[in-house]
Structures are given as structure tokens and as C-alpha cells.
Amino acid sequence: MMRRSLLLAAAAILVAAGCSKAPKIPRAKSSPGARVFIVEPANGAAVTSPITVKFGAEGIELAKAADGIKDNSGHHHLLVDLGQLPPMDQPLPSNEHILHFGQAQTETSINLPPGQHTLQLLLAGGNHVPNDPPVISEKITITVQ
């Protein structure tokens, strides 16, 4: 596990430095028809904070990040107000726009300020690299009152 973490860190440094010889980071494969979706809140919903967000998945197994990289499995990442999608061949950062659910959680409660916000789900393997092909939900828009 430690060796894999060191390899991922080295790969990220090489990619950031623009090195074309960066090692390829492994990606879990996803089956055709695999999908993730936001069960709740509904697209266009007016909500109050804190917001309960429920995640759905079909045709793919939810697994804890600690379980490693296994084809047709992964865990949710909630993209909040993310303008551009992150690279699909690199580990997803953890920040206020990309929330990790590495314990295979299927819901969360988040606080958002009043206004319009977007939510989207992205599945990734144990190394937090999106599956191949990516399993990503439609983006929904909510209004926090």
C-alpha cells in the first residue's frame, strides 16, 4: 500500500512538471451500462442547508477506497460547483469542490450558502482515479434558500 502511494505521488509530480515519461496510473475498468446518479435532491429543487444528498449506483459495485483497485467497482466523489471536470487519468484531489466518500457511503449532508449550486457524482477506484470509461452522473442544479 505504501509503495502504491509513493508511485502515485511520484506520477503526480512528474505530470505536474510536464514530464512525458510519467508512469501510467492504473484505472479500474467499468462495465457497459454502469451508472451513478443523484437520488436526492431532484434537479431544480429549492432546498435549505444542510442539504441531504443521496447517491445511487447501478451496474457497478460500491467499494471502500481501502479495498484497492478492482474492476467494475469504486466509490463516490461528489463534485460541488465544479466548472471543468478534472483529468480522468489522475487521482482526484480532495477539496471544497471534490468531496471523497472512500467508505462507500451512499449519502451525505452538506452545507452550502444561499444561491444556485451544481452537484454531480463521479466514481473512482481505490486510488481515487476515475474508472475507465468514467462513470459520471448528469449534473444537477439546486437553489439553496
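Reader: To begin, where is the place of Thr108?

Author: Thr108 is in strand E7; strands (E, at least two residues) and helices (H or I, at least four) are DSSP runs, numbered from the N terminus. This is a predicted model, in which local features need pLDDT of at least 70, side-chain atom pairs count only at pLDDT 80 or more, and totals for chains, interfaces and linings use all residues. Residues are numbered from 1 along each chain as its sequence is written, and side-chain values use heavy atoms, with hydrogens and water left out.

Reader: Is Thr108 buried or exposed?

Author: Thr108 counts as buried because its relative accessibility is 16%. Buried means under 20% relative accessible area, exposed over 50%, and partly exposed in between (1.4 Å probe, protein chains only).

Reader: And what does Thr108 touch?

Author: Leaving aside residues up to four places away in sequence, Thr108 touches Ile51, Thr52, Val53, Phe55, Leu78 and Phe101. Contact means heavy atoms within 4.5 Å.

Reader: Which residue of E7 is the bridge partner of Val53?

Author: The partner of Val53 is Thr108. Strand E3 (residues 51-58) and E7 pair in the antiparallel sense over four bridges; two strands pair if DSSP finds at least two bridges between them.

Reader: In what order do the three strands of the open sheet lie?

Author: The order is E1-E3-E7, with antiparallel pairing. Strand E1 (35-40) and strand E7 (107-110) are the edge strands, each pairing on one side only.

Reader: Turning to aromatics, how many pairs are there?

Author: The count comes to one aromatic pair, where rings of Phe, Tyr and Trp (its six-membered ring) pair if their centres lie within 6.5 Å; planes under 30 degrees apart count as stacked, over 60 as edge-to-face and the rest as tilted. Phe55 and Phe101 form this edge-to-face pair, at 5.0 Å centre to centre and 65° between the planes. Phe55 lies in strand E3 and Phe101 in the loop between strand E6 (98-100) and E7, 46 residues apart. Both Phe55 and Phe101 are buried.

Reader: What about charges: how many salt bridges are there?

Author: There are four salt bridges, each a side-chain nitrogen of Lys or Arg within 4 Å of a carboxyl oxygen of Asp or Glu. One of them joins the side chains of Glu58 and Arg35 (3.0 Å, N to O). Glu58 lies in strand E3 and Arg35 in strand E1, so the pair ties together parts 23 residues apart in sequence.

Reader: Is Glu58 buried or partly exposed?

Author: Glu58 counts as partly exposed, because its relative accessibility is 40%.
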